[in-house]
Amino acid sequence: TIVNVASTVSRMAIDVRFCCSAGKGAVVAMTCAVARDFLKNKSRCNAILPARIHTPFVDGFIEDNYPDQPEEMFKKLSEAQPVGRMGKPEEVAAMAVFLCSDEASFITGCPYPVDGGTLNIR
């Protein structure tokens, strides 16, 4: 079982993310191609499409770009998600564990958003 990590920007456009969108879109295309190519080997391949996940990267981005207003920017980035908060790394990991489990044995070639509603109800 293969689980790739792409991004919601593979399926939607946001400002100043051309390269990221193209690269993550390629990950989704590769996921489908690998899933197809390895069907005969009984291998599965899926992708996770996280939206904004609260990681040290986000904290560093805020610190580097908004040092005078970290709380305000954290709140703004959180509220930009339809559910009103950023995702947790554990939520992305839980999807990966599920996709690798026997419960997902009939799933292959699919992109799965872990995005707090970003793609479908934004």
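Trainee: In which helix is Thr 31 found?

Mentor: In this predicted model, Thr 31 is found in helix α1, which covers residues 18-37.

Trainee: Is Thr 31 buried or exposed?

Mentor: A residue counts as buried when its relative accessible area is under 20%. Thr 31 has a relative accessibility of 1%, and therefore it counts as buried.

Trainee: Which residues does Thr 31 touch, not counting those up to four places away in sequence?

Mentor: With those left out, Thr 31 touches Asn 4, Cys 45, Asn 46, Ala 47 and Gly 109.

Trainee: How many residues does the largest nonpolar core have?

Mentor: Let us take the general idea before the case. In soluble globular proteins, nonpolar side chains tend to be buried together. Here the largest nonpolar core has eight residues: Ile 48, Ile 53, Val 92, Met 95, Leu 99, Ala 104, Ile 107 and Val 114. Helix α4 (residues 89-100) gives the most to this core, with three residues.

Trainee: Which residues does Val 114 touch?

Mentor: Not counting residues up to four places away in sequence, the contacts of Val 114 include the core members Ile 48, Ile 53, Val 92 and Met 95. Val 114 also touches Leu 49, Pro 50, Ala 51 and Glu 91.

Trainee: What is the count of disulfides?

Mentor: A disulfide requires two cysteine sulfur atoms within 2.5 Å. By this rule the count is zero. For Cys 19, the nearest cysteine sulfur belongs to Cys 20 and is 8.7 Å away. For Cys 110, the nearest is that of Cys 32, at 7.6 Å.

Trainee: How exposed are Cys 19 and Cys 110?

Mentor: Cys 19 has a relative accessible area of 63%, so it is exposed. Cys 110, at 26%, is partly exposed.

Terms used:
Residues numbered from 1 in each chain as written. Predicted model: local features only at pLDDT ≥ 70, side-chain atom pairs only at ≥ 80, totals over all residues. Heavy atoms only, no water. Helix = DSSP H or I, 4+ residues; strand = E, 2+ residues; numbered from the N terminus. Buried < 20%, exposed > 50% of the residue type's maximum accessible area, 1.4 Å probe, protein only. Contact = heavy atoms within 4.5 Å. Core = buried A, V, L, I, M, F, W, Y, C linked by side-chain atoms within 4.5 Å.
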